[in-house]
Amino acid sequence: MIILKNISKIYRSKTQVVQALDGVDLSVNEGEIFGIIGTSGAGKSTLLHSVNLLEAPSHGQVIVADQNLTMMSKKDLRLARHHIGMIFQHFNLLASKTVYQNVALPLKLLGKRQSEIKSKVQPLLEIVGLTEKQANYPRQLSGGQKQRVAIARALACDPQVLLCDEATSSLDPKTTRTILELLKKINQQLILTILLITHELSVIKKICDRVAVLDQGKIVESGDIIDLFTKPRSNITKQLIHAHLRHELPQDVMQRLSPQAGEDRNPVMQIRFMGTTTAEPINYRLAVNMAIDINILQANIEFIKTEAVGMMVIELLCKPDKLSLALAYFTKQQVDVEILGYAKHTIH
Amino acid sequence: MPNTLFTELLLSTWQTCYMVGVSGALAILLGTPIGVLLITTRTGGILQHKTLNATLASLVNIGRSIPFIILLVAIIPFTRFVVGTSIGTTAAIVPLTVGAIPFFARIVENALEEIPYGLIEAGLAMGATPYQIIQKILLPEARVSLVNGATVTIITLVNYSAMAGVVGGGGLGDLAIRYGYQRFDLNIMLTTIAILIVLVQLIQVLGDTIARRLSH
């Protein structure tokens with residue numbers, strides 16, 4: 001549904017040349033929710049804005065719904081944009097217009113008749129659950145409600161594609177969840193292809209089918225969301241997953257953790273496995289067969305979309321020389337392991 | 001106060017209202033597109049056009065830098081060309097309009113500058129034409145500042161119109177000069193001042209009321 005071919009974007013100013021995107025190839029299937037994640041400055045926003053050519057790429061081609069946007073005249077591009085919905089971090093609603101008028105705006109731009117507009121806007125307001133607020137002005141709405149209005153507005157011209165520009169980044173976690181659920185709902189009901197950018201792994205985890213990791217203008221990793229979580233390949237992905245995880249690591253573990261190994265430090269590692277049943281035997285065998293005691297620092301089941309992925313952070317109570325033995329064992333058992341650092345012994 | 005003076009006061013009040021009303025309306029009508037162009041033709045604007053932007057900006061600056069009393073006489077040939085005469089109330093409307101257009105254009109520019117870029121971005125993403133963005137997004141979103149700006153412009157025109165006597169335009173300012181200053185008639189002077197104060201108050205209250213109605 002969306003194909004980006006070798007997209008590059010170079011910003012030139014008098015003093016410097018910045019390459020925001022560097023040969024990005026991306027293909028998003030119809031009906032899919034595709035996430036692009038990266039740290040700030042990675043080029044996510046530029047990439048998303050090149051899909052509807054709000055930022056014209058310096059090189060490369062953009063094909064949306066079998067139309068090559070990069071080859072179009074300005075007029076045709078405007079027509080094509082009517083069918084590419086977009087929502088924003090700061091909602092971008094017109095303060096001078098009511099909820100109804102905001103949703104009606106794209107239809108008005110197309111010169112539709114009042115009756116037609118009404119028959120289109122009412123069901124949309126129902127989908128986003130704002131029928132009762134239609135006469136209110138954006139000022140009177142909460143952040144979540146504003147984003148709902150923006151979603152309804154983006155859907156007004158029956159788009160095949162919805163672009164989400166950090167759509168939940170200025171919302172609190174609870175509101176974020178409801179907006180993501182709404183996006184999932186419209187994705188399924190309307191068979192709408194969604195491309196979203198975010199810096200939050202929790203957003204990706206919740207609704208994305210596939211994901212691409214963007215770093216310094218390049219896609220460093222892409223694929224199935226569960227693979228990304230269980231088998232991250234690039235450093236930036238690992239960092240993102242760590243950052244996501246670190247939030248949840250207990251404070252005292254964080255304080256004991258250091259990147260260097262040492263005689264007085266125990267290896268701390270994260271192990272990841274699919275499903276919910278495999279963790280216990282692994283730990284049991286490690287303890288029995290290798291005579292390594294394990295301190296479980298954290299264990300949880302991450303729900304990535306609908307799939308359960310077990311994640312456990314363990315501290316091996318052993319000398320560094322036994323570490324390689326344990327790692328070999330994990331490899332044999334096809335469990336993903338990642339060393340997070342080395343923790344100072346606690347006084348028992 | 002003799003009857004003739006009273007009719008003169010009435011006439012002068014009418015002349016001021018007429019000059020200010022017509023030139024105000026024209027300045028808003030003609031200043032708005034110039035203000036819109038000033039902002040949209042900037043680098044990165046939706047109608048980016050460096051030459052046009054630079055030309056308009058310097059024209060506006062020139063207009064703004066000429067003191068009104070000088071503008072009044074300097075453009076007499078132009079006035080004659082437009083209305084057929086350079087003397088009288090109608091003739092005074094031409095320089096008043098010419099003086100107020102750049103004033104209001106800058107006000108429009110400033111008002112539109114306040115609109116977050118995200119709204120323009122949203123309009124572009126919806127496939128709006130530049131004209132639609134101006135008409136459906138920029139101007140409606142700025143309407144409160146535009147009304148406030150129009151109020152300021154009209155009150156400035158009341159001020160300018162006091163000089164219209166130079167070209168025989170009449171009005172309250174002219175009356176105050178002729179009777180109050182040249183004939184030392186304090187009563188007339190104070191009366192015209194009182195009328196001007198009431199006039200400005202009325203304009204301000206009206207402008208504020210409209211602005212309040214429009215703000216949500």
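Is the crossing of α5(B) and α8(B) right-handed or left-handed? The views below are taken from a predicted model, and the legend to the first view gives the reply.

**View 1. Helices α5 and α8 of chain B.** The crossing of α5(B) and α8(B) is right-handed. Helix α5 covers residues 89–113 of chain B and helix α8 covers residues 143–161 of chain B; their axes come within 10 Å and cross at roughly 155 degrees. Angles over 145 degrees count as roughly antiparallel, and α5(B) and α8(B) are therefore roughly antiparallel to each other. On the side of α5(B), the contact is made by L96(B), G99(B), A100(B), F103(B), F104(B), I107(B), V108(B) and A111(B). On the side of α8(B), the residues are S145(B), L146(B), G149(B), V152(B), T153(B), T156(B), L157(B), Y160(B) and S161(B). By type, the residues of this contact of α5(B) with α8(B) divide into 11 nonpolar, 6 polar and no charged.

**View 2. Helices α6 and α7 of chain B.** The axes of α6(B) and α7(B) are 10 Å apart, and the two helices pack at an angle of about 160 degrees. They are therefore roughly antiparallel to each other, and the crossing of α6(B) and α7(B) is right-handed. In α6(B), L119(B), I120(B) and G123(B) meet I133(B), I137(B) and E141(B) of α7(B). The residues of this contact divide into 4 nonpolar, 1 polar and 1 charged.

**View 3. The contact of chain B with chain A.** Chain B gives 17 residues to the contact and chain A gives 19 residues. On the side of chain B that touches chain A, the elements that give two or more residues are α6 (117–125) and α7 (130–141) of chain B. The largest share of that side, 6 residues, comes from α6(B). The residues on the side of chain B divide into 8 nonpolar, 5 polar and 4 charged.

**View 4. The largest nonpolar core.** This core has 144 residues. The residues with the most contacts inside it are V103(A), L163(A), L195(A) and F104(B). Helix α5(B) provides the largest share of the core, 15 residues. F104(B) also belongs to the contact of α5(B) with α8(B) shown in View 1.

**View 5. The surroundings of L163(A).** Leaving aside neighbours within four places in sequence, L163(A) is in contact with L48(A), V51(A), N52(A), I84(A), G85(A), M86(A) and L195(A). L163(A) and L195(A) are both among the residues with the most contacts inside the largest nonpolar core.

Terms used: Residues are numbered from 1 along each chain as its sequence is written. Chains are lettered from A and ligands numbered from 1 in the order in which they are written. This is a predicted model: local features need pLDDT of at least 70, side-chain atom pairs count only at pLDDT 80 or more; totals for chains, interfaces and linings use all residues. Axes are lines fitted to C-alpha atoms, for helices over the stretch in contact, and angles run from 0 to 180 degrees between N-to-C directions. Helices (H or I, at least four residues) and strands (E, at least two) are DSSP runs, numbered from the N terminus. Angles under 35 degrees count as roughly parallel, over 145 as roughly antiparallel, 65 to 115 as roughly perpendicular and the rest as oblique. A crossing is left-handed if the near helix is turned anticlockwise from the far one by less than a right angle, and right-handed if clockwise. Two residues are in contact if their C-beta atoms, placed from the backbone, lie within 7 Å. Ala, Val, Leu, Ile, Met, Phe, Trp, Tyr, Cys and Pro count as nonpolar, Asp, Glu, Lys and Arg as charged, and the others, Gly among them, as polar. A nonpolar core is a set of buried Ala, Val, Leu, Ile, Met, Phe, Trp, Tyr and Cys residues joined through C-beta atoms within 7 Å. A residue is buried if 20 or more other C-beta atoms lie within 10 Å of its own, exposed if 12 or fewer, and partly exposed in between; C-beta atoms are placed from the backbone.
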